[in-house]
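Reader: I'd like to learn how to read a few features off a model, step by step. Can we go through one together?

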Amino acid sequence: MISAEVGRSGSVLLVAPVRGLTSEADQAVRALDAFAPSAVGLGLSAEEMRGLVDYFVVAEAEPVVSLTSTEASEVRGLVRFGEVRVPSPAFVDVLRWSRTRSLPVEPLDPDDERSASLFTDHIGYVELVRRTVRERRIAHSPPSASTADEFALAWDREVAGGRGSREFARARDRHFVRGVARLTSRGERVGLVIDRERFDTVRDLLVHGLPGGMVED
């Protein structure tokens, strides 16, 4: 897991665990607990967060999660670094931790409709075909890496390394950072949780600000 305190007087803690690893989820919760935020923002859409709460946080029994071949390959690549859970245990565990402390939690990624619009804006047919080919290739041959951190970054470079995919990811991260700005403008001390591969871009946006100010994409 990687983390950084940013914002005025360290008012924001950005936590970025490797998606899937139970040990990283544990570290994320401990980091947030030590930071003691007054609000939490997650790198999830509203629909994703609602699904995690309904089916994994408050449900009496967790449902069986079916995986695509690409997701199954990612799990197989990660298990050599420790126990893996699906969906990402960091978000599930942080949601549970937040509920025990009655902390407000906000999903800061675009909702499904907005995300679909951003996807079509930035990823055309050619990029979509190339992305599909990359996903199939990596499903058969996951990247070799000596650490979970290296694996997460290598996986993202392979699957989402095309120009359109990178532009889509940046648009999503800008949306996320605008949500953080809303939280901090209310005087909140904010803990943030995102997937590891998003850390560098989001941290830079939090430190240096959005290009062109707070204009919508």
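Reader: In which helix does S98 lie?

Author: Some ground rules before that. This is a predicted model, where local features need pLDDT of at least 70 and side-chain atom pairs count only at pLDDT 80 or more, while totals for chains, interfaces and linings use all residues. Residues are numbered from 1 along each chain as its sequence is written, and side-chain values use heavy atoms, with hydrogens and water left out. Helices (H or I, at least four residues) and strands (E, at least two) are DSSP runs, numbered from the N terminus. Here, S98 lies in helix α4, residues 89-100.

Reader: Is S98 buried or exposed?

Author: Buried means under 20% relative accessible area, exposed means over 50%, and partly exposed is in between (1.4 Å probe, protein chains only). S98 counts as buried because its relative accessibility is 1%. Contact is a separate idea: heavy atoms within 4.5 Å. Setting aside neighbours within four places in sequence, S98 touches V40, L103 and V105.

Reader: How do I check the length of α4 against what is expected?

Author: The expected span is 1.5 Å times one less than the number of residues. With 12 residues, α4 reaches 17 Å from its first C-alpha to its last, close to the expected 16 Å. Just after α4, S102 takes a positive phi of about 55°.

Reader: How many residues of α4 are buried, and what do they pack against?

Author: Nine of the 12 are buried, so call α4 mostly covered. Among them are F91, L95 and W97. The buried residues pack against α1 (22-35), β3, α2 (46-57), β4 (105-107) and β5.

Reader: Which strands are joined to β5?

Author: Two strands pair if DSSP finds at least two bridges between them. Strand β2 (residues 12-16) runs parallel to β5, with four bridges joining them; V15 has V193 as its bridge partner. Strand β3 (residues 39-42) is also parallel to β5 and joined by four bridges, with A39 opposite V190. Both faces of β5 (residues 190-193) are covered: V190 and L192 are buried on one side, G191 and V193 on the other.

Reader: Where is D195 found, and what is it in contact with?

Author: Look in the loop between β5 and α9. D195 counts as buried because its relative accessible area is 15%. Beyond neighbours within four places in sequence, D195 contacts A16, P17, R19, S88 and F91.

Reader: What counts as a cavity, and what counts as a pocket?

Author: Take a 1 Å grid over the protein atoms alone: a cavity is a set of points where a 1.4 Å probe fits but cannot get out, whereas a pocket is an open set with protein on both sides within 12 Å along at least five of seven lines; lining residues have an atom within 4 Å of a point. Grid points are joined across faces, edges and corners, and a volume is the space filled by probe spheres set on the points. A search of the whole structure finds one cavity of 30 Å³ or more. V18, R19, E74, L78, F151, A152 and E197 line the largest cavity, with α3 (69-78) and α7 (148-159) giving two or more residues each.

Reader: How much space lies in the second largest pocket?

Author: About 180 Å³. Of its 14 lining residues, V177, V180, A181, T184 and L206 lie nearest the centre.
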